[in-house]
Amino acid sequence: MSGTRSRHTTGRIVFLLILALILVACDGGKSPAIELSGVVKESTPVATTGEAETAAVDPYLTIYGDRLPEDAAPYELQIYKEACDISGNHITFDFQVSVYQPFCLANLFQDQLVSLDKDFKVTPASAERWEVSEDGLTWTFHIKPGLQWSDGTPLTAHDWEATYQLIANPDHGWDFAWFYTGVLKNWDEIIAGELPPGELGVKAVDDLTLQIITQRPWPPLPAMMQFSYVLQKKALQKHGPLYNSNVATSVSAGPFMLDVLEPGQRIELVANPHYRGYRPPRLQRLIAEYRSPDTFFLAFQNGEVDRVQSNWLSPADYSIIQSDPTLSANYLRHFGDFRTDYLLFDTYNPPFNDMNVRKALAHAVDREAIVSNVFGEIKAMPAYSFLMPGFPASDTEDKLMQYQSYDCDRAKDYLAQAGYPDGQGFPKLEMWLRNEPPAMQAVYQAVAASIQQCLNITIEVSNKDFKAYMDALNAKPTGLKFGAVSYGMDYLDPANMLGIWVSTGRHAWKNEEFERLVNEAAGITDDPVRRKALFQEAERILVENVGGIFLAHRWQGDILQPYLRGDSIRSPDSQGIAGWHWGNDWVWGNIYISKDVVNRNTYRTK
Amino acid sequence: MDRTASTTWEPPLPSTRPRSRERTLGGYAARRFFKNRLAVLGLVVVLFFLFLAVFAPLIAPYPYDRADFSKVLLFPFEDPAHPLGTDEVGRDFLSRLIYGARISMTVGLSVEAIALLVGIPLGGIAGYWGGKPDYVISRLIEVMTAFPGLLFAIFLMTLWGNGLLKVILVLGLTSWIVVARLLRGQLYALREKEYIEAARCLGVPRRRILARHLLPNALTPLLVAISFGIPAAIFGEAGLSFLGLGVNDPLPSWGKMVGISMAYVRVYWYLGLFPTVLIALSMLGFSFVGDGLRDALDPRLIE
Amino acid sequence: MSSYIFARLLSLLVVLGVVSLLTFSLMHAVPGGPFDEINQRLPQAAKANILRKYGLDQPVWKQYLNYMGHVLRFDFGIPYQQPTTTVSALIAKTWLVTAQIGLMTILLSFSLGLAVGMLAAYFQNSWLDNLVTFGAMLGMTLPNFVVAYWLIFIFSVRLAILPSGGWSEPEHWLIPGFFSTDWILPVLAYALAPFSLVARYTRASVVENMQGDYVRTARAKGLTGRTIVGRHVLKNSLIPMITALGPEIPNLLTGSIFIESMFRIPGLGRFFVTSTFNRDYPMIMALVFIVALLWGVTYLLTDTLYTWIDPRVRLGIRGER
C-alpha cells in the first residue's frame, strides 16, 4: 500500500520542518517577532484625541491634568498587569449582579457611596456626608455634585435607587441576598415576592439625596454601604443588568472604563476621561490576563504581572520569597478580611453533642507548632477565639485562650469523662474539607494528626467537592458531621462575624444566651462600651462552649513588584502595617509605576 | 510449569497445529520468558513492589500518618532518622512511599482485573459472534465512553463516601472499554484467518475456537494494553485524588503525592521526584513483563 | 456499505438519546446545585427566586423534556458560567482553538510515533529499539502538566526563546496567519504521551507481524526489508493499532484542561472540569453530546477502516457467517 510509505516520508518531513522552525526560533531570540508576552500598548486612551496631544506635551501628566509623583515613570508606561484565574467561574464586573462570580478587575466602573481607609474606617466616596435620624431608622446620604457617567449622564441618587430595587427583585436572583435581611426595610418581603421592589427602603429624595430606611436601629449601616456598588439606571432599563459585559454598552462612573473583554483570555480597562470622582487614577491602563494559578508566581518573577495575592502563592513560592531579600521586602501582609480557620461539627448528634468531646478535641490541637512549621508564620497566627486580634471587640489580652489552649493531658481527661478513656470506643472521624488547595490540606492534616496522636483516635481527612460540601453544610438538618472551613468578614463589625454563629446560620450549634447577646448588641447605637462588652461576652460563650475549634487567623498579603508604588500600599496604617488593604478602594486612584521599571525585564520594556 | 516435557520438545512448525500447543505452551513459555533478561528484570521490579505493598507495616520505619511538627519539609539526608526526608505535614517520606505501594498496586491491579473480567467476555462475544450481540455491546461501549466519568465519580463519592473501593469502581467503569474494543477488533481480523476456517471445517465448536485459538492469538495487543492499563489506573487514581475524589488522607498513594507536590516542587523537588520515579518504575516493570509474556506466548516466534 | 453507515448513524442517535437521559438524571442526582450559597445561607425566598429564574424548580423529568425540546431545535441553552452568550456560541468559539491544537498534536504525534515505532521494530533489540522503548515509557509516565510546567520553565523563563502562553497573540506570529510560536510548547507537551503510545503500539504490532509467514514468503521472493515492513507488515499491524490508537483522536480533539490552563489557551478543555464542579447543567449536557458524537463517529470510522484494510473482515448487522 503506497500510502504507508508516503506516511513514513511525511513523518520525516514534518519532523524536519518542526526542527527547522525551532532552530529558527532559537536564532531569532532577540527579534521582535518572538517576545515573551505583550508589548507596550498605545499610550493614548480610547477617549478623545485632545488628551493625546496634552500627553505628548508633558509625559508626566495624567489625562486629568495631574502631575505624576517625582519618582514615577512617564504616563505611557503607567500600565498595570494582573493574573486572572483561568479555571475560575466569572460572569460579571458588577457586585450587584453576582458577588461570587466576578471578572478580574471588577467593580471599577463606579464608586460606592463610601469606602474604607487603611484602618477600615468609613470614608466618603460618592457621598460627601451622611447623617442618621433621631429614631435611628433613616440614613440620609448626600451625593457629591458633578459626578457623571462616561456617556455624559449625571450620576444621581436615582441610579442607586434603581440598583437596589434590582437586587431586591426576586426575578434577579441575587446570590448575596442574605446580606440585607433584617436590615433594609421591606427587604425580606420583597425577596419573598410579597411586596413590589418599589417598596424598598432605599429612596431617591432628589438627584443628590439618597435615603436608606432600616428595620431597626443599625449602627453598622454606613460600613455596609461599602458594598453600595451602583449601576446606571438608564443602561439597566435599556440593556439589562449585564450591560457591562459588552464593550459597546458598557458605561462607567468610575476611574476606569472597559476596553477589551475576552473571557478566558484577557480583560483590559483604560482610564476614564469623564471621571469626576474622588480617586482619579494615575494608571492609564489595567490588564488582566487569564493564567493557570500554578504559573502566577512564575509570571511575576518573569516580569509579566505586577502583583500576586497570597491565596495564589504556593508553599514553594513562599520559600523562594522568604529567602530573597528583595522579594521579602516587597511581600506586604495585612489583615485582609480577618479570616479565621476553624473546625465545625454537628452538635445536635453524637459524638459531638457531648461538650466534653468537643473540649477534648479543642485542647488536643498544637496550634503553635502547626502554625510555625506547617502553616507558616508569614501566613497565619494561632487562634484561640473567633475574632482576630485587630478586629473590633476581639480578644487582645489572651483572656479567651484558656478555653481552647493546647493541653494534651487536659484533653485526655475530657475524653475520658465523655466515656472514651484513651480513645477506646471512639468512632472513626472523617474531617471534610471544602476543596482546599494543597497548602491548606497540609494544615488541616496536621490538625487531624495532632488530635489523633494526642487522643489516640482515628481521623481521616477528605477534601470534598465544593458544591457537595456546601450542600451538606447548608442543609437543615446539617449533612456535615465534622469539617473544616474558614470565614472572613463582610464588614468591620462583630455583628457580622459573630452573627454567622446564630442557629439560623450555617452552623449546627445553638446557644440562646449567645444569640440574645449578639442580637441585643447589634442594635445598640449610643453606648459603644456596652456594645463591645456584650459582643465580648458572646464570643466568650462561643469559645467556652466550643461551638467551633478555632485554629488560626490568616495574614493575607501580596507580593508586589518593587516598582509598584503609592502611599495607599506602601505606607503603614495605624497599626504599623503596610499593604494593599481590604476594601481600600482609594488604592486604584493612588498606585503608580515608578521610574525603575525601565531597567527591568518586564512586559513594558521593548 | 511442566519442565520435564521440554526435554522431548520439538519446535512447532510455522503453521501452528493447535494440538501441540496444549502440551507444551506452558513450559515452553516459561523457559522463553526467563531467558528474556528484560522480562526477568521487570518481574523482579513488580515482585518487589508487591512485596512492599504486602509487607509495608513491617518494612516501613514509621507509620504513614505519624507527624512530627518540628521536622516538617526536611530534605533527604538532612536528618539521619528520615533518609528520604519528610513531607509537608512532618511525616516520614520513605514510609509514605512504601505504604503508597499498597494503594497504587491495589488500584492498578484491581482496576485492570475488572477491565479484563468485564472487557474480555464482552469484547469476545462482540468480536466473534458479531451480529446482534456485537450491535448491543458496541452501543453500550459508545454510551459508556461518552458518559461523564468525572460527574459519576463525584456522584458516587458524595453518596457513598470516599474509599478505595469506590475509586476502583469508578476507574473500573471506564477501563474495560479499551480491552473490549481491542479484543473485538483483533477478533474481527483473526476470525477470517485460515486456521480458523480449518478448525471450523474440522467441526470444532465455536466456543472452543474462541477460547483455544482466537484468544491466545489476540493476546498481544491485550498484553500491551494491560501493561499500559495498570499505570493508567494509577494515574486515574491520582487525578481523582487531585480533584478531591480519591482516597482520604492520610492514606498515601503515589499519584496523589505527585499531585500535591506540584505546589512544592520548585523548592522541595523530592516530593515530586520520588513518587514519579516509582510510578515510572512500576510501569516499566509491568511493561517488560507484558512484553516478555507476549514474546514467550507467541506461537509464531521461532528460536 | 452505505446502508451499513446509515444504520450506524441511526444508532448514534439512539446512543445520544440514552447518554443524554443518563447524564441529565445523574446531574440532578449529584448533591449541590449551580446556585448554591457560597458563604451564608440564603433566605428561602431568595434561593427560590434564583432557581425559578433558571427553571430549576420544575420536576426533573419536565426539565429534561423541556431541554430536549430545545435541543431538537438546536438551542442548547445559556451557560451558567457565561450568561451573556449561548452554549452554541461558546463551544463554537472555544472548540475551534482546541481542535486546532488537537489536530496539530495528532499530526505530530502520529506521524512521528509511526516513524519511530517502525524504525524501532525494524532494528529490533538494537540500541535504537531500547532507547525508543525506554523513551516511550517515560513519555507515557510523565503527566502532561508536569511536562508543560518544565517546558515553560526551561524555554520561557530560563532560555526566553518561546512564549509562556497565550494563543495566536499578535506578537507571537512567526509566519503571520500561518504559524505562531504560541503553538510550539503546548503541542509538544500535549503530543508527548500520544507519541509514546503510538510508537509503542506500532513497534509491538510490527514486531509481532514480522514473524508471519507472508514475511518469509516475501523475503523468499526477494523483496527488501523496507518494502516488507512498509507494505505488508504495517498493513497487518494496522488493525490492532487502529483499535488502540483510534480513541486517541477524540481524546485529543476535546482538549486537555491542564495544557490549556498552563498555556493560557482559551479552549474547550477546561469546561469539562469547571462545568462539572460548578454544576453548569447546560454546558455539561452540551459537552456530553459532543463527546458522544465524536466517539460515535470515531468508532464508525475505525470499523469501516477495518474492512477497507483487510477485505476479509466483514461487518454489518449480519456480519457473522
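User: Which residues of α5(C) do C:Val116, C:Leu119 and C:Ala120 in α4(C) meet?

Analyst: Good place to start: this is a predicted model, in which local features need pLDDT of at least 70, side-chain atom pairs count only at pLDDT 80 or more, and totals for chains, interfaces and linings use all residues. Residues are numbered from 1 along each chain as its sequence is written, while chains are lettered from A and ligands numbered from 1 in the order in which they are written. Helices (H or I, at least four residues) and strands (E, at least two) are DSSP runs numbered from the N terminus, and two residues are in contact if their C-beta atoms, placed from the backbone, lie within 7 Å. On that basis, the partners in α5(C) are C:Leu128, C:Asp129, C:Val132 and C:Thr133.

User: Are α4(C) and α5(C) parallel, perpendicular, antiparallel or oblique to each other?

Analyst: Axes are lines fitted to C-alpha atoms, for helices over the stretch in contact, and angles run from 0 to 180 degrees between N-to-C directions. Helix α4 (residues 87-122) and helix α5 (residues 127-141) of chain C have axes 8 Å apart and pack at about 135°. Angles under 35 degrees count as roughly parallel, over 145 as roughly antiparallel, 65 to 115 as roughly perpendicular and the rest as oblique. The relation of α4(C) to α5(C) is therefore oblique.

User: How many residues in the contact of α4(C) with α5(C) are nonpolar?

Analyst: Ala, Val, Leu, Ile, Met, Phe, Trp, Tyr, Cys and Pro count as nonpolar, Asp, Glu, Lys and Arg as charged, and the others, Gly among them, as polar. The contact includes C:Leu119 on the α4(C) side and C:Asp129 on the α5(C) side. Its residues divide into 1 charged, 1 polar and, for the nonpolar class, 5.

User: What is the handedness of the crossing of α11(A) and α14(A)?

Analyst: In chain A, the axes of α11 (residues 367-375) and α14 (residues 438-455) come within 10 Å and cross at roughly 145°. A crossing is left-handed if the near helix is turned anticlockwise from the far one by less than a right angle, and right-handed if clockwise. For α11(A) passing α14(A), the crossing is right-handed.

User: How many charged residues does the contact of α11(A) with α14(A) have?

Analyst: From α11(A), A:Ile370, A:Val374 and A:Phe375 meet A:Ala442, A:Val443, A:Ala446, A:Val447 and A:Ser450 of α14(A). By class there are 7 nonpolar residues and 1 polar, and the number of charged ones is none.

User: Is A:Leu551 buried or exposed?

Analyst: A:Leu551 sits in strand β18 (residues 548-554) of chain A, and leaving out residues up to four places away in sequence, its contacts include A:Tyr342, A:Val365 and A:Val447. A residue is buried if 20 or more other C-beta atoms lie within 10 Å of its own, exposed if 12 or fewer, and partly exposed in between, with C-beta atoms placed from the backbone. Because A:Leu551 has 26 C-beta neighbours inside 10 Å, it counts as buried.

User: How far is the C-alpha atom of A:Leu551 from that of A:Val443?

Analyst: A:Val443 is one of the α14(A) residues that meet α11(A). Along the chain, A:Leu551 and A:Val443 are 108 residues apart, yet their C-alpha atoms are separated by 9.6 Å.

User: How many of the 9 residues of α12(C) are buried?

Analyst: The buried residues of α12(C) include C:Phe271, C:Phe272 and C:Phe277. What covers them includes α15 (466-474) of chain A and α5 (149-160) of chain B. Helix α12 (residues 269-277) of chain C is largely enclosed by the rest of the structure, because the buried count is 7.

User: Is C:Phe74 buried or exposed?

Analyst: C:Phe74 lies in the loop between α3 (60-72) and α4 of chain C, and its phi is positive, about 60°. Most residues other than glycine have a negative phi. Because C:Phe74 has 7 C-beta neighbours inside 10 Å, it counts as exposed.

User: What is phi of A:Leu105, roughly?

Analyst: A:Leu105 is found in the loop between β1 (79-85) and β2 (114-116) of chain A. With 20 C-beta neighbours inside 10 Å, A:Leu105 counts as buried. Its phi is positive although the residue is not glycine, with a value near 55°.

User: Which residue joins A:Pro351 through a cis peptide bond?

Analyst: A:Pro351 is placed in the loop between β13 (340-345) and α10 (355-362) of chain A. The cis bond has an omega of about -5°, and the partner is A:Pro350.
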